Amino acid sequence: VPQVQPRAEELSELYRELSQHPGLSAACLGPDLTTQYGGKYCSLHTEWSQRDLARAENIKFCRQYLIFHDGASIVYSGPAGTCSEIKDELLSRESPSGMLKAVLRKVPGKEKEKEKQFLEVWDQNRKVKSIDLTALDKHGSVYDDDQFGCLAWSHSETHLLYVAEKKRPKAESFFQSKAPELGTSDEDTGHPKKEDAPIKVGSPHPGSAGGWLCGCGADQTVPQGEQFVYHEDWGETLSTRSVPVLCVLDIEGNSISVLEGIPEHLSPGQAFWSPEDTGVVFVGWWHDPFRLGLRHCTNRRSALFYVDLTGGRCELLSEDTKAVWSPRLSPDGCRIVYLENNVLGPHQQCSRLRMYDWYTKHTSTVLEAVPRQAWGAFPGIYCGALPGMCWAADSRRILLDTAQRSQQDVFVVDTATGTTTSLTADSPQGSWSVLTIDRDLLVARFSTPSCPPMLKVAVLPAAGHEAQTHWICLQDAPPVPGISWGIRTLQPPPGQEHPQYGGLDFDAILMRPSEGPAGQKPPLVVMPHGKSLSPPHCTPARQCHPLLLLPFAGGPHSVFTAGWMLYPAALCRVGFAVLLVNYRGSLGFGQDSVASLPGNVGTQDVHDVQLCVERVLQEEMLDASRVALVGGSHGGFLACHLIGQFPDTYRACVVRNPVVNIASMVATTDIPDWCLTETGLPYKPDALPDPAQWTEMLHKSPIRYVDRVRVPVLLMLGEDDRRVPPKQGLEYYRALKARGVPTRLLWYPGNNHALAGVEAEADGFMNMALWLLKHLQC
């Protein structure tokens with residue numbers, strides 16, 4: 001007996017209920033204080049994000065806690081006061097002593113004025129500084145992204161370091177009227193006044209005309225005819241990032257200076273002060289011959305650099321033929337750890353952990369990439385960044401989280417020996433993330449497919465005893481009723497084994513309604529992943545806003561981990577079983593799995609998903625006559641392949657910003673290397689595809705099978721998508737319409753690849769759910 005179709009009002013109420021579960025985005029521990037009885041305690045500041053459907057925006061709010069501890073264990077912990085919303089904060093960062101806090105804030109302009117940015121300094125009692133960066137006009141907007149952005153205190157707590165867009169001279173038309181050149185003052189003719197002197201962090205380099213910290217603004221001459229010159233940017237979500245510069249605020253002198261001397265072929269970011277404040281360490285990305293999309297692409301050529309403010313030199317600290325990111329300085333100032341990948345190839349890979357010794361100048365490899373994941377062994381590093389605070393107090397061990405097949409676990413790494421120990425091996429299955437560690441107090445986030453994020457705290461045990469870590473739940477989140485889930489492992493049949501990487505297996509997470517009419521088989525929604533949109537770790541500057549979305553963007557090298565995801569949970573509550581497939585090529589299964597997929601997209605990944613669907617339909621009480629596909633980006637690519645290659649299995653399809661035709665995408669995307677790499681072809685910036693390569697890209701694309709598609713298709717496209725431009729979806733829409741296939745297209749202005757706007761996300765769920773209910777005849 002088919003279920004009664006829920007009305008739109010009931011669906012919207014369900015979505016409203018589940019979307020109110022907040023996401024935990026950041027945590028910061030205050031300094032230790034001593035009670036009158038000798039006990040120690042500290043404050044814990046946490047930041048959360050939540051959808052406000054009425055305001056159609058994501059709001060950020062803070063919760064405060066107190067943690068009493070004796071250095072070895074937590075004696076007591078609990079909340080302190082109620083939540084309060086955080087307004088207009090872009091970045092924030094506590095000083096090393098914990099006595100000061102820096103905040104970058106946006107302030108709406110009055111009447112027709114543009115939005116302003118202020119850099120504020122707070123002590124424990126009040127705001128002590130508020131500097132109008134927009135009025136000073138030394139640079140463009142400050143970067144608040146987690147790719148380049150930083151907000152770093154000097155160790156002396158007298159200077160702040162951040163990244164901003166380079167000031168661009170105002171251009172004039174060739175026909176701009178000129179003011180008469182009379183004997184007037186500089187003020188009358190609008191000539192800029194004399195600039196501030198550079199700040200004195202160190203003595204300027206001899207002969208450098210003012211040193212490495214330059215207070216100069218843009219060139220005084222106004223260029224003509226350059227209003228419409230094209231300026232490259234860094235692609236998806238970074239379209240306003242073109243030429244980043246490192247900037248320093250002298251807190252006492254209230255002066256802003258731009259750091260000069262960065263080689264012109266580099267874009268700097270992720271910067272921090274070197275030991276003893278002698279200079280600045282930063283990651284520099286090559287942008288020659290042109291910029292490629294950087295978001296979710298940990299394979300772009302980059303290296304670690306040091307700018308010496310006393311000697312005036314820029315020094316290379318790492319290899320310059322790799323991709324590096326996420327540098328973190330140890331508490332004792334002696335070592336820097338960072339992540340490293342090979343240049344080009346898959347956008348996400350199993351990363352190496354490298355360490356640079358500041359005083360011996362020696363670089364060592366702490367952890368190599370792991371070829372095969374073995375049960376019970378360290379799976380390798382698969383993460384967008386290290387936690388902003390990741391070092392233990394001993395300056396020897398670091399904390400990180402990584403995908404371990406279809407889970408995410410926390411590990412401690414001994415940088416001296418390379419040994420790894422899981423801190424969550426004996427904990428419940430799910431998804432763990434490190435938020436911060438300070439003085440060996442560890443703060444983490446935990447969730448499961450049926451349980452929204454909760455806050456966990458622990459004390460890191462002494463070296464050798466880490467497996468005894470005892471987690472305490474500080475902020476509980478009760479499980480959502482009506483959802484059961486489990487992880488299953490599958491082995492491809494002999495005919496589908498990879499000739500070079502045989503023996504690989506893969507996983508799937510099956511969620512199903514645990515309530516419903518007895519004996520009734522629920523319909524199945526199949527979701528292959530794209531690239532993960534799980535929130536990156538908050539850098540020392542970034543306060544992340546996890547949207548708890550599905551991993552829809554990009555791919556295919558990503559993974560579903562067993563954590564909270566809004567869409568699958570909501571579909572499960574509606575009455576659907578949901579199958580989340582981590583096909584071969586997913587992260588968390590070893591580098592061999594990643595390497596097995598390029599050249600085999602459209603076949604290996606498609607067959608893995610189909611095998612999983614057929615196996616689940618055989619082994620579970622599910623309705624094989626009511627199966628649908630939902631996917632975005634590479635997940636949409638797979639969904640479109642599956643309804644073309646296996647048209648008899650599926651009854652409906654919903655895709656968001658899908659890759660449809662790799663051959664037509666290569667000339668319009670911000671990641672043209674992806675199109676060639678995943679097709680199995682070499683990428684060179686100066687090479688154009690030949691006819692055989694165009695044919696291969698088309699051959700591996702779902703558009704090839706469009707004549708076999710019969711199921712109704714709902715398309716959702718972001719107007720501002722730079723990764724998979726919306727013309728991909730339009731191409732598929734027109735091909736389906738021309739063949740009489742029932743098709744509907746939703747177009748979301750102001751949304752990019754993730755369709756992460758609150759309004760677009762909510763509307764997308766409603767249309768998806770109603771489409772599935774209608775065409776599966778629920």
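Glutamine 270 is buried (under 20% relative accessible area, with exposed over 50% and partly exposed in between, for a 1.4 Å probe and protein chains only), at 11% relative accessibility. This is a predicted model: local features need pLDDT of at least 70, side-chain atom pairs count only at pLDDT 80 or more, and totals for chains, interfaces and linings use all residues. Residues are numbered from 1 along each chain as its sequence is written, and side-chain values use heavy atoms, leaving out hydrogens and water.

**Backbone features**
- Glutamine 270 has a positive phi of about 50 degrees, although it is not a glycine.
- Its place is strand β16, residues 266-273. Strands (E, at least two residues) and helices (H or I, at least four) are DSSP runs, numbered from the N terminus.
- Aspartate 88 also has a positive phi, near 65 degrees.
- Aspartate 88 sits in the loop between β6 (84-86) and β7 (89-94). It is partly exposed, at 28% relative accessible area.
- The peptide bond from aspartate 288 to proline 289 is cis, with omega near 0 degrees. Proline 289 lies in the loop between β17 (279-286) and β18 (302-308).

**Valine 222**
- Valine 222 is in the loop between β13 (213-214) and β14 (244-250).
- Its relative accessibility is 41%, so valine 222 counts as partly exposed.
- Beyond its neighbours within four places in sequence, valine 222 is in contact with Lys170, Ala171 and Glu172. Contact means heavy atoms within 4.5 Å.

**Helices α6 and α7**
- Helix α6 (residues 604-619) packs against helix α7 (residues 634-645) at about 70 degrees, with axes 10 Å apart. Axes are lines fitted to C-alpha atoms, for helices over the stretch in contact, and angles run from 0 to 180 degrees between N-to-C directions.
- That makes α6 roughly perpendicular to α7 (65 to 115 degrees; under 35 is roughly parallel, over 145 roughly antiparallel, the rest oblique).
- On the α6 side, Asp605, Val606, His607, Val609 and Gln610 take part. Their partners in α7 include Phe637, Leu638 and His641.
- Twelve of the twelve residues of α7 are buried, so α7 is largely enclosed by the rest of the structure.

**Annotated regions**
- An unreviewed UniProt entry places "domain: Peptidase S9 prolyl oligopeptidase catalytic" at residues 570-777. That stretch is 43% helix and 14% strand.
- UniProt also gives "domain: Acylamino-acid-releasing enzyme N-terminal" (unreviewed entry) for residues 12-191 and 230-472. Residues 230-472 are 0% helix and 45% strand.
- UniProt annotations may be inferred rather than shown by experiment.
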